[in-house]
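Trainee: I would like to go through this structure with you, starting from one residue and its surroundings.

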Amino acid sequence: MKKNLITNMCLSAGLLIAALSLGSCMDGDINKDPDKIMESELNKDNLWGTYLTTMQRRVAPEDQNDFQLTEDLVGNMYAGYYAGTQNWEGGYNGTTYSFPDGWINRPFKVAFVDFLSSWNVLRQKTDSSTVLFAVGEVVKVAAMHKTTDIYGPIPYTRFGLASPVPYDSQEAVYERFFKELDHAIGILTEFDAHNAGSKPLEKFDLIYGSDIAKWIRFANSLKLRLAMRVRYAYPGAQALAEAAVNNSYGVIESNADNPTMQSNNALSFTYFNPFYNLYSEEGYNEDRMGASMEAYLVGFDDPRLSIFFTKGTDNKYHGLRNGHKNGNRFQGKPLLSKPTITQATPYLWMTAAEVWLLRAEGALLNWQMKGTAKDLYEQGIRTSLSQHGLDAQADAYLASTHQPAAYDGVYRSPSAAAPSDITVAWDDAATTEKKLERIITQKWIAMYPLGQEAWSEFRRTGYPKLFPVVDNLSNGAVNTEIQVRRLPFPESEYTGNKAEVEKAVKLLGGADTGGTRLWWDKK
């Protein structure tokens, strides 16, 4: 991002309310309403289905600046995937744990003004018993769980129904997520049972082309992801996870079911991956491989390394430590490895490999995941390698006892000892905690480049072990070794929704800083 593109954005309550004031409202399940769109009308050139398309395009925003400030400079950097080669805001920016207003405002604006405003129309104009409504619910949870995992408490259950919009505790938000997913799964299952092969959303669905069975498997997989997210804080997590895996449709197991944003010829939609312009030389030229990625991928001799990154001019892979105040001194340096993502690279919301590895963690806890921890772990790795065309290397990789490598700093980015002694090969004699580290480390690799999800999993479990930032400019608010736990609430909320955001801080249970843990961050 060019330094002059970061500006303070005011997301006032007035702006939020304007985005929501679109007519009558409904809350939770409702009876059929003759004034709302029903299934039989979806095959017409219906306006309301386009709101689903818009929602799908905003789960990961296509605008490169929105994407940068919601997915990249937060998730990707904090997850250790990338490091920045800029000194945004004179070095006082999110990568150094100093949070400018523009940085903390943007994810909030993208979620509430851009994304949820489309949902607000869809839910008002579509009967809650329809496939359109149910798929919209799944898409909403896919987008909004990232928002609550950035901030903690958010305005959610009363969004569009009250002014000013009250905040909910994160526990309440997650409970609503599970209810919405269960409602959607029920509606979609009932529809598919009586209309197998029917495609009521084929004019609007960019992800699955209206394949309802795939939507059910994704909804179950998302339920599993969120159940595992809260397992240290929520007593019902096990039951939710087991219900997802043991549902009659099951969860995603094949890469063919990965929810994917990509060009769609049938809908005349061309997808341009917004990340490309963030690292390319003709774009912002600012993201390079993170030092943590180098340590694990090089140390493991991971066959995905060349799929994910390019070599430097010395024919070797080099990453960069994150959080340099004067990071612009690294911009354009020829030894640093670049991402390989192109404008045409699809964007995945979830991978089958992640789901197998979620199940591996559940099996480690003796949850009913339809397999042992070892078998599910190894299937997760095989599925990830297969996703990248590396099936032939799976056996050798699964037997590997290579360990993460030390980081030999380049361009005066500080060196560091190897972050872990974990191996790829499963060890039945290892402690449960060591097995968990092994599972999460491989999940971190398999989820790349979904930095938001990887950051959440790092906060939840402490794995993989990541190098800390070089320059911590938080004035003690964020512990360098524990690392950042959340973003502060937007300044615009303090000016436009002051009473409610002050209540949100009480719900947070700590200071409104980057160092306060979220509700589920209880390990």
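Mentor: Leaving aside neighbours within four places in sequence, Met-447 is in contact (heavy atoms within 4.5 Å) with Tyr-81, Glu-354, Glu-453, Ala-454 and Glu-457. This is a predicted model, in which local features need pLDDT of at least 70, side-chain atom pairs count only at pLDDT 80 or more, and totals for chains, interfaces and linings use all residues. Residues are numbered from 1 along each chain as its sequence is written, and side-chain values use heavy atoms, with hydrogens and water left out.

Trainee: Does Met-447 count as buried or exposed?

Mentor: Buried means under 20% relative accessible area, exposed over 50%, and partly exposed in between, with a 1.4 Å probe and protein chains only. Met-447 has 2% relative accessibility, so the residue counts as buried.

Trainee: In which helix is Met-447 found?

Mentor: Helices are DSSP runs of H or I with at least four residues, numbered from the N terminus. The one that covers residues 432–447 includes Met-447 and is helix H15.

Trainee: At roughly what angle do the axes of H10 and H15 cross?

Mentor: Axes are lines fitted to C-alpha atoms, for helices over the stretch in contact, and angles run from 0 to 180 degrees between N-to-C directions. The axes of H10 (residues 291–299) and H15 come within 12 Å and cross at roughly 110°. H10 is therefore roughly perpendicular to H15, a class that covers 65 to 115 degrees. The angle asked for is roughly 110°.

Trainee: Which residues in H15 do Ser-292, Met-293, Tyr-296 and Leu-297 in H10 meet?

Mentor: These four residues of H10 lie on one side of the contact. On the H15 side, they meet Thr-441, Trp-444 and Ile-445.

Terms used: Helices (H or I, at least four residues) and strands (E, at least two) are DSSP runs, numbered from the N terminus. Angles under 35 degrees count as roughly parallel, over 145 as roughly antiparallel, 65 to 115 as roughly perpendicular and the rest as oblique.
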